[in-house]
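Hi there,

Here is the structure I promised to pass on.

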Amino acid sequence: MEENKEKPDDTSDYYGSIRFCPERKMTVIMIEEAYKLNQVIKESQEYIHYHQTMKKVMENQELYQAMNTFRRRNYELQSYDDGINRYQEIHNLGLEYEKVLRNPAVNEFLVAEQIFSRKMTEVYEIIAKELELDCSYME
């Protein structure tokens, strides 16, 4: 680099890493904290129980596939946003998969999944609570 030229703002070293830049310190801290949070979540009772119950269901692949078909269809029904009350369709789906849903391993997994999902929703809400994000385009 010539003596009289200003250094560019480009912090890339073109070998896959980034030179230290004070402006990036907060980003590095956020990433490090995210990894720590990930580990805390993995060690939580909710997550451990979720995985234990999923493994039980997976021991029977036919049951696991049937449960996943139910989960996918249930998610699709609950995700529709066309103003129509899907209660009857969801009720009928429950009747269609009653045998699967009455299986103790499936039932235990679905409860564990719901508990873990609610906990993660709470975590996401806490993270985003004081952030000013413009979501008006979603209305």
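Below are my notes on the core and the helix packing.

This is a predicted model, in which local features need pLDDT of at least 70 and side-chain atom pairs count only at pLDDT 80 or more, while totals for chains, interfaces and linings use all residues. Residues are numbered from 1 along each chain as its sequence is written, and side-chain values use heavy atoms, with hydrogens and water left out.

The largest nonpolar core has 18 residues (buried Ala, Val, Leu, Ile, Met, Phe, Trp, Tyr and Cys joined through side-chain atoms within 4.5 Å; buried is under 20% relative accessible area with a 1.4 Å probe, protein chains only). Two or more of its residues come from each of α2 (45-58), α3 (61-79) and α6 (104-128) (helices are DSSP runs of H or I, at least four residues, numbered from the N terminus). The most, six residues, come from α6.

Beyond its neighbours within four places in sequence, Met-67 is in contact with Val-57, Val-100, Val-106, Phe-109 and Leu-110 (contact: heavy atoms within 4.5 Å).

α3 and α6 pack at about 45°, with their axes 11 Å apart (axes are lines fitted to C-alpha atoms over the stretch in contact; angles run from 0 to 180 degrees between N-to-C directions). From α3, Leu-63, Met-67, Phe-70 and Arg-71 make this contact; from α6, Val-106, Phe-109, Leu-110 and Glu-113 do.

For α2 and α6, the angle is about 150° and the axes are 8 Å apart. That makes α2 roughly antiparallel to α6 (over 145 degrees).

Best wishes

Conventions
Buried means under 20% relative accessible area, exposed over 50%, partly exposed in between (1.4 Å probe, protein chains only). Angles under 35 degrees count as roughly parallel, over 145 as roughly antiparallel, 65 to 115 as roughly perpendicular and the rest as oblique.
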